[in-house]
There are 2 protein chains.
Amino acid sequence: MPSSKERSGENRHADITFQPEGRRLEIKVGSNIIDVARHAGIDIQAPCGDLGLCGRCRAVLKSGGALLNPPTEAETGILTPTELNEGYRLACQCVVSKPGSIVVTVPPESRIGQQRIIVQGVMPSFKVSPMVIKTLVRLKKSQDLEDIDADSNRLISALKAHGYAASSISLEAMRRLPEVLREGDWVVTAVLWGGREVLSLEPRDTQERSFGFAVDVGTTKLAGFLIDLKTGELLATASLPNPQISFGEDLISRVTYWSESEGKGRELQQVVIEGVNKLIKDACKDAGVSPSEIYDLTVAGNTAMHHIFFGISPQYVALSPFPVAVKTSFDVKAKDLKVEANPAAYIHALPPIAGFVGADTVAGILATEIYKTEETSMLIDIGTNAEIVIGNKDNLTCCSSPAGPAFEGRHIKHGTRASTGAIETIWIDPEDYSVGYKTVDDSKPRGICGSGIIDAVAQMFKTGIIGRTGRFNKSINTPGVRTSGRETEFVIAWQKETEGQKDITITSRDIQEVLLAKAAIYSGASILLKRLNLKHKDLRRLYIAGAFGTYVDLTSSLIIGMYPEIPVSRAQFVGNTSGSGARMALLSSEMRTIADKIAAGTKYLELAADPLFEKEFTKALWLPHREEERFPTVMTMVGKH
Amino acid sequence: MPSSKERSGENRHADITFQPEGRRLEIKVGSNIIDVARHAGIDIQAPCGDLGLCGRCRAVLKSGGALLNPPTEAETGILTPTELNEGYRLACQCVVSKPGSIVVTVPPESRIGQQRIIVQGVMPSFKVSPMVIKTLVRLKKSQDLEDIDADSNRLISALKAHGYAASSISLEAMRRLPEVLREGDWVVTAVLWGGREVLSLEPRDTQERSFGFAVDVGTTKLAGFLIDLKTGELLATASLPNPQISFGEDLISRVTYWSESEGKGRELQQVVIEGVNKLIKDACKDAGVSPSEIYDLTVAGNTAMHHIFFGISPQYVALSPFPVAVKTSFDVKAKDLKVEANPAAYIHALPPIAGFVGADTVAGILATEIYKTEETSMLIDIGTNAEIVIGNKDNLTCCSSPAGPAFEGRHIKHGTRASTGAIETIWIDPEDYSVGYKTVDDSKPRGICGSGIIDAVAQMFKTGIIGRTGRFNKSINTPGVRTSGRETEFVIAWQKETEGQKDITITSRDIQEVLLAKAAIYSGASILLKRLNLKHKDLRRLYIAGAFGTYVDLTSSLIIGMYPEIPVSRAQFVGNTSGSGARMALLSSEMRTIADKIAAGTKYLELAADPLFEKEFTKALWLPHREEERFPTVMTMVGKH
């Protein structure tokens, strides 16, 4: 046997070892390190789609650096000379140029981590009346030659006697019909969809076991809920980062990938479906249910994810005027999507409203019940796009505001998703500017997630570290505030406290990102109010939905001016309402009808087409707003600066 | 390289050469010759399912006989000592026991031959109004941000303006909706099913190209018809022996095979579907149509074939009281059966009536229109089971009679299917008993098919070679009649005229088989008449359907007493009405409704449950019948014997 080195030489391969895993892999000369890492399941972030733009896939070369290409322009632009000296590279920019041995460390800040996903949102009470029900029927037994009706006719008659006008039998049920009737000695449980289609037949009485699965297909996460369709009980939840993240963290990258070829489109669809199959498997395992016992599924998600999940071309969704392919609900067979439930099961697609207001918003409207109250409410669902809905039982109007990814912890120097080690809560002592924080799972801090970022900016503003335009207050004297070149930053966690090798800070640039994000949300809300001739005091309820962490601090959000000033007591953090709405649609056919009415009846306002937007947006870039009088309470809380 | 022999020795393989093809194959020691032959596509009959019962898979060992097992009991029972000396074996009984070289000749009489299949039956005129129609729509173009309706809503609205209330869009159509609308610049052809489901969308105007495919799934043959759905025109036909024949020639063997395991059931279904896919491919190629342009299909066939085709367990169909799983029509997606048409296409299953009266009979009732006339008609569809229907617009009653396979050329010493070289017409000179005949394709005779067998018995009776009980008349002196042991036979074709190595004869045993078959049909018809309080003279029309050859001689059939004596002028040979009915259902949704009414409304009479059957059957074993007075015209025609 030739030695490993000789072999690599012959084949033009290098050996690469990833630390701290100690995973040793063969890598072809000419290959990219991040591809190999991803292929091997090494946990490494690559949100920009390997373009060298985000600087998140940092890796430290411990040896073999000379076997790689020299740092690219992208790397010299992002990494400091010190970092480059220390061996830092961006994995996506590293190509192996010679055979040999390479050792690379992937530092904690480049890791995606075990993402913490809020799987549960609020849910109102409603009557359980699912599309799929099981009913026990006793059939007239086939006795003799004078009594030779078809098995299917006996079944249909027996169902009729139970009050069900079933008009069709699925191919799956029909195939096993003769055996099942006889195996159950003419006592069978019929699984009915909408009372009209016999999805399946099970010998004897299996009514106790009737399950459904609701899925929230988010851009960054997938969440699944295994439900007992008889009782409405939540039996198990499962969640996963959306595996499409490898194809780009934001929707636009994925839609672009889709558009490149039919094969790439199918690939994108396939990975999300594989993710959902994993959710099903995990949740079923937890609850002792077989996936084949799942007879109904519902799916909610933003419009692009909705289209991709069902294999519908999403490319026009991302192009003005952002037309959706379909905005009514529909049902397709799980087997047609290769979703691993009972092969006769249907998947119900909750309807989207518009290109940037998806079925997740419809689900949020269902879950918060703003569609049924006399009083007017506002729902803000915060993600890369913030969807804003204002209305009541008579009218609902919505818009989508390009908040950007700051609240998801992206475009923030030490930002991270709400996963283990993310700083999710921050408080600053107004006397000595010392910082307290809490991390997800109380682990050593690794970065700051959305709720922590909001807290940080609110606290920095409240304690005077930054002023109303977000600039650092030069008169504050604390070691936490420091300037290097043109960038000033405030230290939230010192290196010694962290898991990584750097202080975790909020930079002046991060603050700008937060201001851009909150201004987008505020101005969207403000224009919607204006268009509806409403004042902010007309809003009796405010619901904030999203997956920031376990919660988002409503006072901090108000202090930074994310939403029009209304009493905090009227505001409520409602969590993942996309999942809640999907669960409601799973458990109630009435909710499906309501969801379709919501999708058809909610008026969509295109902010890009609104002449007021620019002006409103600019004024909202201040803390909490350029026009102090819009935030009297906040101004009192923070005092003068 | 080791020599082939050495290699076979090492691997325990032998070489086998099939003549006259000259195909040389490797065969594992322990393998059966017929398996290898079948796998290699060598044309060899095996109707009994390799059980050594039928004696049809004769093969002559030219060399290497010593490498096989000695003749089995099955072989010594069927082959004569002379044949065994000449090297004759039954291929299904031959197992290779040692490595070496074997040469085998498959003689013409063991070949299935290019089966001649009557693909066309009679068809009445009716209005073309298919389930699938294409319509050209112009959509309102998506213009700007103020006009952002969903693509699907634009489509549904445009269809509504054309008078179609489409309520659903197939997943396939939805997937490509955004692209197709834009590719066609908002002018698209919608493919609608039943006016309510959008199956597919094609950019621009493709209305001229709208195709459907009707399939007749017979036990022994598959026939397919490619139809222009716009004009009703038959564009191409294709036919094939049913490839399930390798699993047993009769339905019971196949149902037994199905019942052995789920895998075997799927296998049986798969081979028939592959056969249908071949029909589609062949017909499409002939007509310059792509299979993806086929948007609708219909399938007719007997009940067991119907069940197997759709993957429905057929095992109870063959067990008293012979219950069918389903006796209403239904539609399933072609893709769910892996039928290679447009993936959104439906397949419409014509409904069966009972376990032994299938959708082929419903199709025959449609095609002969006996369901709509004032006068009473009889339809006899002859196969292994003869289905008999009597009725008019008010009532239809049917039964199935176990005719046995004689009229399909089976259980007849020199019987064969209606394929090249089959004797299909026979006439005997009443003076010198010399025989004239016509073969399929005017090839050298190879055997006798159903129509020839009927002719032979009728002519032998008419010329006095056999008497009323079917026994040979000992006073006839002609070299054509000869006796060997207990068997007397009449030579139809002498060896020198044939392709094989033997005279082609009709034996006393063959005559018994014919009498059993015709008696079953006659007594079925006779009991049906009795039960309906009808006399044979009440029958204004008699339709004989089946695939005997190009036709069946109605006079010969009457002479042997196959059906109650009615004037031959009232009788008509209608050919493959199963195919005709399938074509009608493809072209007319009204015909589908009628077919369902026929299946639901036709009364089924179980002959096995009828106390008269035995007695009627015994009397019908005479030529034309024991009670001469039932066949006065025939008795006059044949004179006294």
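**Entry 1: a lysine in chain A**

I started with A:Lys518 and found its place in helix α12 (residues 508-531) of chain A; helices here are DSSP runs of H or I with at least four residues, strands are runs of E with at least two, and both are numbered from the N terminus. Before going on, I noted that this is a predicted model, where local features need pLDDT of at least 70, side-chain atom pairs count only at pLDDT 80 or more, and totals for chains, interfaces and linings use all residues. Residues are numbered from 1 along each chain as its sequence is written, chains are lettered from A and ligands numbered from 1 in the order in which they are written, and side-chain values use heavy atoms, without hydrogens and water.

Is A:Lys518 buried or exposed? I read it as buried, because its relative accessibility is 0% (buried means under 20% relative accessible area, exposed over 50%, partly exposed in between, with a 1.4 Å probe and protein chains only).

**Entry 2: its surroundings**

I looked up what A:Lys518 touches beyond four places in sequence, and the list includes A:Phe407, A:Trp622 and A:His625 (contact means heavy atoms within 4.5 Å). A:Gly561 is 43 residues away in sequence, yet 6.8 Å away in space, C-alpha to C-alpha.

I then checked the polar atoms of the A:Lys518 side chain: one lies 3.0 Å from the backbone oxygen of A:Ile560, and the backbone oxygen of A:Ala620 lies 2.6 Å from a polar atom of that side chain.

**Entry 3: a sheet in chain B**

I turned to chain B and found five strands in an open, mixed sheet, ordered β2-β1-β5-β3-β4 (strands pair if DSSP finds at least two bridges between them). Its edge strands are β2 (23-28) and β4 (88-90), each pairing on one side only.

Terms used. Polar contact = N/O pair within 3.5 Å; in protein donor to acceptor, adjacent residues only side chain to side chain.
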